[in-house]
Amino acid sequence: MLQTSDNKIHVANNMMDMDQDPRKRLCFADGRRKVDYVLVYHYRKRSSVRGSPSQHRLSIISNGSYPLGVEEKDQEGRKDEPAEVVVDVGPPDPADGEKIMIREEFEGNLKDAGLEIEHDKENKAHGHAFIRLHAPWQVLSREAEFLKIKVPTKKSYELREEKGLAATMNEVWRKLNQPFQPKVPHQEQEHSRTKFLSHCFSRDKLHLYNIKSKDTFFDNATRSRIVYEILRRTACTRTCQTMGITTLIANGVYDSAFPLHDGDFHPSGQAEGKNDRQLLHDEWARYGAFYKYQPVDLIRKYFGEKIGLYFAWLGVYTQLLIPASVVGIIVFFYGWATVETNIPSQEMCDEDQNFTMCPLCDRACDYWHLSTACGTARASHLFDNPATVFFAIFMSLWAAMFLEHWKRRQISLNYSWDLTGMEEEETGHEKLTWRDRLPGYLINISSILFMFGVTCSAVFSVIIYRITISALMAMSSDPEVKSNVRVTVTATAVIINLVVILILDEIYGMVAAWLTELEIPKTETNFEERLILKAFLLKFMNAYAPIFYVAFFKGRFAGRPGDYVYVFNDYRMEECAPGGCLIELCIQLSIIMLGKQLIQNNVFEIGIPKLKKLCRTLKDKERAPKEIVEQPGRRQQWHLDYDLEPFDGLTPEYMEMIIQFGFVSLFVASFPLAPLFALLNNVIEIRLDAKKFVTELRRPDAIRAKDIGIWYNILSGLGKFSVIINAFVISFTSDFIPRLVYQYMYSETGTMHGFINHTLSYFNVSNFKPGTVPSISSLGKDITFCRYKDYREPPWSTEPYQFSKQYWSVLAARLGFVILFQNLVITMSMLVAWVIPDVPKNISEKLKKEKTLLVDVFLNEEKEKLQLIQSLFSRDLTQEQQEELNVSDQTSLPLHQTQPGPHPPTSSPAPRTRPRAASFSQFTRQMSMSPQSNITQHTAV
């Protein structure tokens, strides 16, 4: 580094020789100090001139307020070339000069914090400069103590071996699982019976830790996290009032900041010499490893606890989808096997019944026979059968079991990852009053309500599309078009809904971030939780609004023949299919779920990052075409990582899975195959996310977290909400309750014979309003009555077209079933949660044992300290008694010798020095010199 009087001009050589060892690419130019973090900024020079080789630099000092950058050429290895002298006449604009000053102050504060810095040479007109940061041992040990990072100690104990049948079963299960285990060296250490105690790092207890090398004691993820904490809290007070690297990146002072990957992810050919990134790529990020378990411990070691918990949660969720998928397949095949024996379907398909139905639209639509809807009725039975009720109860209990299983898994990971007892480290910024936050809250509430209105408007627009297209297709003279009206309109409307959902999802994500910033949250965790909550509310409403409409509103406000409800005074409100709305709900749910997963996974997660990378590459080539071509073989790891896509957080990943969990749990009574499609998607999703994290994203900051945060509360809320939704779907959307009421209250034989006739009401065609009668009827003019699906009094009754007693009986049964279903399922869910303990028994025993062992270690250490202190004080006491004895001998002399007066000088004893306390390190050194020092050695270390 070259320094002037006030301004530091950072000049470092980046033209280091490429060693064959790939680890050299992760170090400073000296090849020893690791690069723990990288800062990147864009620079632009003003002009450059050529000078003689003897000139090293030319400095022009101006009386301006901005420092001038002085560039120094590295003469080693370039003696044959004339030296280029860069003359900076000043920054191109004041903003660039201000950024230079801020960077100088910020980097100076980083040096004051103990970090070591290496700079790039700015040897081109403009481009990106990389600043490498290294944390020496003094900084690492200091920050590890502040952050309370737990590290393993020398003290260990043997895990209790299981005996009997449990040990045999575990051994058999382990052998069966062996082919599915990833081949990771860290995985093999887990099966060891020896467990080392962990304790928060302390510089006063270095003797407790097994420190073989200070360079490798903290792994790369921990080192980068320590440096990130320093970057996050370092402030610039002289040039600008900013705190942390995040603010500087937002202000454009730096382009980005990131830790380095552990080298290239391509395999080196040597299995033993693979770095963690190569292991993750081979055993986790390949589609060929889809059948293997995830190396969760290695993921946590490389990416940190927060990302490790996400993939552990995703793995648990995917595993538990297997039994749900099996039961869903059984339910589906049960419906398929019983469709031929289903009496209501047979009655609808029986042409001898000759149910003449009322027209589906005014004037253009004709009367029609119910037997023409035979295919819809048979397809509806696949999903609307008694087994779906059992499946809805099963999935509600499955959701409760999934949450309980995840809590146990999470606590097990907290134990194995040394996260037990971790405290929140964030502190809030300056306190704001409610007057400061009120405008933000008002804008938030009004904006969210407005977005809800936008979603409802989109749903209503699709409804209008369905109504108008149905009417237009019904007026067609082509009989094929008329026969396929319902299928065509339903399919196209669902596709439109899907496109609208995908577009609004992206818009709502940006709106949620903007609204959260207006609230001025106190901490990063608070900001993240509020952002997640807003994004979830908006995206939940966006994804499920069309499904809620079909499930609970479609056909319920259409009216009846002679008294239909019209939209814009011309178009009738749409009705459900003759087989009910459940089959349309199934179609809507399946297309939105599959389309959302397919498009978001393949297009958004794969295509868009690659497109962004291509655009950034083309932009860099246009900006500095010579810079890329000049030295193609000398690119360092930080250059390669900078070309990768930055990490944007886990919120999109969690959100995608939470919305899928809603599809699986909320409306599962209408689509039993939803868990199966979710399982197939997640098997691909895990490897897709793994490949993205390992090969396409910059290495994220390793963030500690002991749980998945607010996502667990959202999952728990969805699980409880799914009980209510499934109860209403079974009661009001399906025909399960009307069939039960008919069979046990109105059927003369106690069977389902006559059920279709029971659900159809009569209408006198002479009561049609003028202009609504079919203009052309192929069924003849002798039709007196037509049928429609409802429970109403016939036209010959004293109260024609009013709701009948059967309607009120069915409504009471539906409401009673909702209450019974909710209480039964919630009680069973609470029973499941009570039976399954949150903390596994073996983990609880291990925690107690480790706590006892740690207490014993520190008690022994304190006892040894006390023995040292007592031995030193006893030595001082003996010396003091000896001095007192000498003094008493002197006082026993004749009196004339003690009388005052001139007397010859005698050698008086030296004054007794006051004993002072010594540090424990001094005690340790003294005891190590004593012959009995072996007694005080730690037995546990």
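**Helices side by side**

Modeller: Gladly! Helix 15 and helix 16 pass each other in a right-handed crossing. Please keep in mind that this is a predicted model. Two numbers describe a packed pair of helices: the angle between the axes and the distance between them. For helix 15 (residues 485–518) and helix 16 (residues 524–552), the axes cross at roughly 160 degrees and come within 9 Å. Angles over 145 degrees count as roughly antiparallel, so helix 15 is roughly antiparallel to helix 16. On the helix 15 side, the residues in contact include Val500, Ile501, Leu504, Tyr508 and Ala512. Helix 16 answers with a set that includes Phe527, Leu531, Ala535, Leu538 and Ala543. The contact has 13 nonpolar, four polar and five charged residues; Asp505 of helix 15 and Arg530 of helix 16 are among its members.

Now turn to helix 8 (residues 296–303) and helix 9 (residues 305–338), whose axes lie 7 Å apart at an angle of about 150 degrees. That angle makes helix 8 and helix 9 roughly antiparallel too, and their crossing is right-handed. Helix 8 brings Val296, Ile299, Arg300 and Phe303 to the contact, while helix 9 brings Glu305, Ile307, Gly308, Phe311 and Ala312. Sorted by class, these residues are six nonpolar, one polar and two charged.

Next come helix 12 (386–416) and helix 25 (805–835). They pack at an angle of about 30 degrees, and 9 Å separates their axes. Angles under 35 degrees count as roughly parallel, so this pair falls in that class. Their crossing is right-handed. Among the residues of helix 12 in this contact are Val389, Ile393, Leu397 and Met401, and among those of helix 25 are Phe817, Phe821, Val825 and Met828. Here the classes come to twelve nonpolar, two polar and one charged.

Which residues of helix 23 (residues 736–746) are buried? They are Phe736, Ile737, Pro738, Arg739, Val741 and Tyr742.

Let us step back to the interior. In soluble globular proteins, nonpolar side chains tend to be buried together. In this model the largest nonpolar core has 125 residues, and Trp313, Tyr317, Trp398, Tyr544 and Phe667 have the most contacts inside it. Setting aside residues up to four places away in sequence, Tyr317 touches Trp398, Phe402, Met657, Gln660, Phe661, Val664 and Asn682. A separate core of 39 residues includes Leu39, Val139, Leu140 and Phe218.

For the whole picture, the protein has 28 helices and 20 strands. Of its 941 residues, 46% are buried. Among contacts with a separation of 6 or more, 80% join residues 24 or more positions apart.

One last stop is the loop between strand 20 (785–789) and helix 25, where you will find Tyr801. Tyr801 is not a glycine, yet its phi is positive, at about 65 degrees. With a relative accessibility of 8%, Tyr801 counts as buried.

Notes. Residues numbered from 1 in each chain as written. Predicted model: local features only at pLDDT ≥ 70, side-chain atom pairs only at ≥ 80, totals over all residues. Heavy atoms only, no water. Axes fitted to C-alpha atoms, helices over the stretch in contact; angles between N-to-C directions. Helix = DSSP H or I, 4+ residues; strand = E, 2+ residues; numbered from the N terminus. Parallel < 35°, antiparallel > 145°, perpendicular 65-115°, else oblique. Left-handed = near helix turned anticlockwise from the far one by under 90°. Contact = heavy atoms within 4.5 Å. Nonpolar A, V, L, I, M, F, W, Y, C, P; charged D, E, K, R; others polar. Core = buried A, V, L, I, M, F, W, Y, C linked by side-chain atoms within 4.5 Å. Buried < 20%, exposed > 50% of the residue type's maximum accessible area, 1.4 Å probe, protein only.
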